[in-house]
Amino acid sequence: MINSSPAAGILDRLSKASSAEEFFSLLGVDYDPKIVNVARLHILKRMGQYFAKEQFAGAAEPEIRARCKAMLEQAYADFVASSPIDQRVFKVLKDAVADPKKAAAFVPLSELK
């Protein structure tokens, strides 16, 4: 379990979270377990993408908490509205629909020894 002492800031507490459900709980975001069961890693990855664009320097703890909550809510909403396949946050899913004009590596059988 994570340290829930008031002295620990939300960023520190989130860094110690070990499940998507803990992120939702820490930030007070309601969720449908069916959606989280299917898209948990995708939601957290998307939140991380949003998080990477943020600057928290000089922000007060309530503002940081509110911004983190908004990022998780947006990431979750992305996957309520569409599927992980549609969103393609992971490289393997992006590569699956890579440029079809790009020639695949081809080795003729006659070249195999």
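Trainee: What percentage of the 113 residues in the protein chain is buried?

Mentor: Buried means under 20% relative accessible area, with a 1.4 Å probe and protein chains only. This is a predicted model: local features need pLDDT of at least 70, side-chain atom pairs count only at 80 or more, and totals for chains, interfaces and linings use all residues. Residues are numbered from 1 along each chain as its sequence is written, and side-chain values use heavy atoms, without hydrogens and water. Of the 113 residues, the buried share is 29%.

Trainee: Which element has the lowest mean pLDDT?

Mentor: pLDDT is the predictor's confidence in each residue, from 0 to 100. The chain mean is 80. Helix H2 (residues 20-27) has the highest element mean, 94. The lowest, 56, belongs to helix H6 (residues 91-95).

Trainee: How many helices are there in the protein chain?

Mentor: Helices are DSSP runs of H or I with at least four residues; strands are E runs of at least two. The chain has 0 strands. Its helix count is 6.

Trainee: Are H3 and H4 oblique or roughly parallel to each other?

Mentor: H3 (residues 33-52) and H4 (residues 61-81) pack at about 130 degrees, axes 8 Å apart. Axes are lines fitted to C-alpha atoms over the stretch in contact, and angles run from 0 to 180 degrees between N-to-C directions. Under 35 degrees is roughly parallel, over 145 roughly antiparallel, 65 to 115 roughly perpendicular, and the rest oblique. H3 and H4 are therefore oblique.

Notes:
Buried < 20%, exposed > 50% of the residue type's maximum accessible area, 1.4 Å probe, protein only.
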